[in-house]
Amino acid sequence: QLECVRALLEMKGIKTQTRDYRASDVCDLACQELPKDSVARRKYAAQLRRNICEVVHHNVEASRTLILKHDDCLGHAPRSEDEWETPARIDAIMGEITNANNIDPTGISISENFACATVDMLAKVHSPNYIRFIYNLSKEVAQDGQTVPFTPHVKKEVISSMEKEQGNTGDIGDDMDNHDTSFSVGTLKAARRGVGAVCHAVSRVIAGDFRNAFCCIRPPGHHAGVNGLLRDCSTCGFCIFNNVAAGAKHALAHEQIHKVAIVDLDVHHGNGTEEIVRNHDNPESLFFFSIHLFDCSTSYEFYPGTGASDDIFYNIVNTPLAPLWRREGKGKIGHPRLCRATYRSGRAHFRDLITCRLEPSLRAFEPDLILISAGFDGTAEDVGNCQAGGSTRSGSGLDLQPSDYYWATSRIIEVA
């Protein structure tokens with residue numbers, strides 16, 4: 001059987017990336033017709049399928065998934081050791097990817113060979129004032145080598161000056177202790193490398209060089225709007241440049257790409273991405289979907305407190321989820337209690353909304369390319385959605401499982 005596969009791959013005109021109506025390709029379908037009515041036969045079919053996939057991946061690079069990473073992304077340093085967003089995230093993710101028990105190594109190509117984003121790439125999603133501010137701040141930080149809180153500097157240097165130009169005199173605050181987002185000597189290079197990774201991945205997938213791509217990068221970006229921090233938002237949410245929005249704009253510069261969809265699976269609403277999509281000059285070419293926890297009251301607001309409704313004119317579909325659990329009292333340690341509105345929360349409701357909200361709207365939009373803004377912090381034991389260890393950092397959560405993200409991604413692939 002393996003020799004037959006090799007012979008077929010050598011034939012001209014063979015399209016190994018062809019998929020059926022359920023998005024299954026040659027590797028997915030391999031050995032499905034073999035009998036599996038005994039343990040021995042199931043083992044034989046599984047081993048033969050692995051061997052066939054190995055032959056396909058070895059001979060056809062376009063059948064693989066491109067994995068992009070770079071050491072520059074490790075240079076973005078947090079201000080303290082207990083920060084949520086740290087270089088250890090990259091090491092942990094790559095450790096799982098390179099574990100042969102998790103992912104077939106023949107089906108991926110790991111590369112660090114891509115350039116940093118240019119100013120022109122950044123200017124497609126961010127204002128000139130914001131980009132100039134980032135470069136100036138990087139020069140200042142390089143002089144003394146200190147890691148500084150990012151949000152207060154954005155408020156002071158970008159948002160404040162913008163408000164003055166518009167004749168607004170309201171107080172936007174300048175709390176220098178607000179340091180969820182850090183800016184260090186290596187931040188600018190890390191942020192530019194992150195945007196560069198997404199743009200490079202987009203170009204390689206569009207060219208047909210790879211089946212799809214995954215960018216293992218930091219800092220994240222979906223809270224970064226046109227001017228970085230959004231006017232009514234308290235913090236930058238660990239974000240510097242909007243990686244996925246820059247990738248979408250980069251994709252639209254290719255002549256064969258007319259529509260790009262962005263699907264945001266993070267537990268927090270992608271408010272920065274939504275703002276950039278809303279400001280795009282051709283609403284028909286971009287689509288934005290966000291499924292996120294939404295929990296606002298007079299005493300508590302789950303960050304960023306946006307994404308409650310759709311904006312169909314701009315192809316913006318927001319799907320807020322009620323929390324599965326909420327802590328009793330601010331900062332109270334102990335077991336969280338279940339919310340009463342469990343019929344609109346939890347794993348089953350998450351899957352229902354992907355099926356009933358995402359899939360129909362995505363199919364109706366008919367994108368040429370789909371980008372997933374992949375935040376996994378809705379997972380039960382993630383620090384951004386944490387019940388573990390009596391943590392008080394999160395006031396409410398969803399408690400999704402890794403299998404939910406796998407399932408959601410599979411549904412998106414079916415549309416693609």
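Me: Which residues have the most contacts inside the largest nonpolar core?

Reply: First, the general idea. In soluble globular proteins, nonpolar side chains tend to be buried together. Now the case here, in a predicted model. The largest nonpolar core has 28 residues. Y130, I134, F150, F183 and F241 have the most contacts inside it.

Me: Which helices each supply at least two residues of this core?

Reply: They are α6 (128–144), α7 (150–165), α8 (187–206) and α9 (243–252). The largest share comes from α6, with six residues.

Me: What does I134 touch, not counting residues up to four places away in sequence?

Reply: I134 touches F150, F183, L188, I240 and F241.

Me: Which residues does the second, separate core include?

Reply: V267, L293, L400 and I412 are among them. That core has 25 residues.

Me: What does the side chain of D72 join through a polar contact?

Reply: The side chain of R193, at 2.7 Å. Leaving aside neighbours within four places in sequence, D72 is also in contact with C116, G186, K189 and A190.

Me: How do I read the chain as a whole?

Reply: Start with the elements: 12 helices and 12 strands. Then burial: buried residues make up 49% of the 416 residues. Then contacts: of those between residues at least 6 apart in sequence, 75% join residues at least 24 apart. Last, surface: the chain exposes about 20,700 Å², with 50% supplied by carbon and sulfur atoms.

Technical notes. Residues numbered from 1 in each chain as written. Predicted model: local features only at pLDDT ≥ 70, side-chain atom pairs only at ≥ 80, totals over all residues. Heavy atoms only, no water. Polar contact = N/O pair within 3.5 Å; in protein donor to acceptor, adjacent residues only side chain to side chain. Contact = heavy atoms within 4.5 Å. Core = buried A, V, L, I, M, F, W, Y, C linked by side-chain atoms within 4.5 Å. Buried < 20%, exposed > 50% of the residue type's maximum accessible area, 1.4 Å probe, protein only. Helix = DSSP H or I, 4+ residues; strand = E, 2+ residues; numbered from the N terminus. Areas by Shrake-Rupley, 256 points an atom, 1.4 Å probe, with all protein chains shown as cover.
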